[in-house]
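Visitor: Could you walk me through this structure, starting with the words I will need?
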Amino acid sequence: MGTAHRVFLPFVVLSVLVLPLILPATAEGLIRVGLKKKPLDENSRLVGRFSEKEIKPLNCLRGGLSDGSHSTDIISLKNYLNAQYFGEIGIGTPPQKFTVIFDTGSSNLWVPSSKCYFSIACWVHSKYRSTRSSTYQKNGKSAAIHYGTGAISGFFSEDNVELGDLVVKDQEFIETTREPGITFLAAKFDGILGLGFKEISVGNAVPVWYNMVEQGLVKDPVFSFWLNRKAEDGEGGEIVFGGIDPAHHKSEHVYVPVSQKGYWQFDMGDVLVGGQSTGFCAGGCAAIADSGTSLIAGPTTIVAEINQKIGAAGVVSQECKTVVAQYGEQILDMLLTETQPMKICSQIGLCAFDGTRGVSIGIESVVNNGDKSSVGSDLMCNACEMAVVWMQNQLKQNQTQEAILNYINQLCERLPSPMGESAVECSALSSMPSISFTIGGKTFELTPEQYVLKVGEGPVEQCISGFIAMDIPPPRGPLWILGDVFMGVYHTVFDYGNMRVGFAEAA
């Protein structure tokens with residue numbers, strides 16, 4: 001059985017009602033489908049409480065700038081409170097319609113099966129019926145994908161897949177027969193269409209995008225996302241297969257090469273808060289552009305600093321406070337005497353050291369001795385490593401010892417909550433700093449209005465930070481996941497032909 005594990009990030013959404021409105025074809029021959037939406041009550045926030053990395057949406061469809069057998073195909077996106085973007089595809093002949101998330105952070109296509117008898121989620125979503133398709137081909141290989149709050153499982157089948165005016169023939173996809181839990185029950189989408197690389201495809205299935213290219217359905221091996229972050233607008237955005245719509249970006253794209261296939265991963269430089277370096281990624285971090293994540297996920301060390309600067313409510317880490325109280329002055333002294341920062345936590349006995357980086361004594365003892373009672377020392381090691389980074393950065397700013405220790409204690413109180421979501425004061429947006437990411441030597445800035453999500457209106461309005469913590473260890477990490485909060489501000493190009501990702505200011 002093919003199995004993939006993903007960690008879904010939490011996000012908050014409101015329901016929308018979407019009514020398609022066919023607009024005239026443009027001068028370029030593109031057929032666009034406009035969308036209207038109507039927010040529902042805030043109780044629908046419960047729909048979006050995924051615990052890992054999910055999920056977007058789009059809707060509707062077609063378009064085509066024809067070039068013989070090749071085309072540039074347009075699919076309009078449905079905006080789900082700036083948290084999800086999903087759209088419509090067809091599977092089979094005649095096509096059976098499904099609403100799916102176009103997710104660059106996964107690589108499989110799956111939809112509910114008519115053979116899903118015991119999961120309530122299948123009963124409230126569209127189901128694929130192989131007996132109604134003349135192009136269906138049996139496969140039968142089993143598959144499962146595990147998420148933070150549950151899993152889907154089922155079996156592979158093959159059929160034609162329609163995306164706008166394009167028809168991908170003999171596409172392998174998963175018919176789900178189990179969708180337990182509330183995650184998919186409450187979702188407004190039926191399934192997921194992955195746009196990642198084959199390297200992370202469950203069952204080694206060839207992704208839809210690969211087949212679009214191999215079957216000569218697109219003019220160029222490129223697709224691009226424009227996500228409309230104006231919640232009051234009816235249009236949710238567009239995904240363009242086979243090219244780029246110049247109307248959706250203001251500047252030239254800055255391209256960076258894909259550093260590791262699987263996700264659309266690339267190398268990223270420093271992260272700045274209010275124009276000042278956070279230090280953690282000064283030597284470089286990895287990042288992925290992920291349309292399947294609503295927010296921006298990054299290392300706890302930096303997210304805690306961002307929380308402190310924007311006044312986001314977090315949780316007090318007792319381990320963090322303990323490290324500061326018992327070892328704070330010692331760590332500062334060791335930094336001042338130019339002890340290698342990576343070795344400090346091991347030298348004071350909170351972490352082991354493997355010669356290249358800190359390793360939790362707790363983790364090491366579990367591996368060597370099978371002792372699972374060492375979680376506390378693991379937390380102390382993590383807290384120490386964060387404190388070293390924070391203190392090192394403050395020393396570069398010539399802060400006093402007292403000021404540094406007080407600042408680190410404040411950061412301990414701003415550590416992200418276990419659920420990841422952090423609330424901020426809506427009235428304080430004007431005083432919050434900008435957050436910037438260095439990509440390809442260029443700084444990409446996000447303003448508070450761009451990285452804070454607003455939920456509700458009037459007296460019930462709430463504001464949620466667009467940053468959540470996720471720690472990915474080396475060699476894959478430290479890793480940033482740049483989701484819709486980032487991609488909504490910067491038009492994003494996924495250039496499969498040249499193995500690169502491009503960003504430009506969205507129009």
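Guide: Buried means under 20% relative accessible area, exposed over 50%, and partly exposed in between, using a 1.4 Å probe and protein chains only. This is a predicted model, in which local features need pLDDT of at least 70 and side-chain atom pairs count only at pLDDT 80 or more, while totals for chains, interfaces and linings use all residues. Residues are numbered from 1 along each chain as its sequence is written, and side-chain values use heavy atoms, with hydrogens and water left out.

Visitor: Okay, is L217 buried or exposed?
Guide: L217 has 15% relative accessibility, so it counts as buried.

Visitor: And where is L217 placed?
Guide: L217 sits in the loop between helix 3 (208-214) and strand 13 (222-227), where helices (H or I, at least four residues) and strands (E, at least two) are DSSP runs numbered from the N terminus. Between L217 and D165 there are 52 residues in sequence, yet their C-alpha atoms are 9.8 Å apart in space.

Visitor: New topic: why is helix 4 largely enclosed?
Guide: Helix 4 (residues 300-310) is largely enclosed by the rest of the structure because 10 of its 11 residues are buried, including T300, V303 and I310. Just after helix 4, G311 has a positive phi of about 75°.

Visitor: Which residues touch the most other members of the largest nonpolar core?
Guide: They are F437 and W480, in a core of 78 residues; such a core is a set of buried Ala, Val, Leu, Ile, Met, Phe, Trp, Tyr and Cys residues joined through side-chain atoms within 4.5 Å. Strand 19 (residues 285-289) supplies the largest share of this core, five residues.
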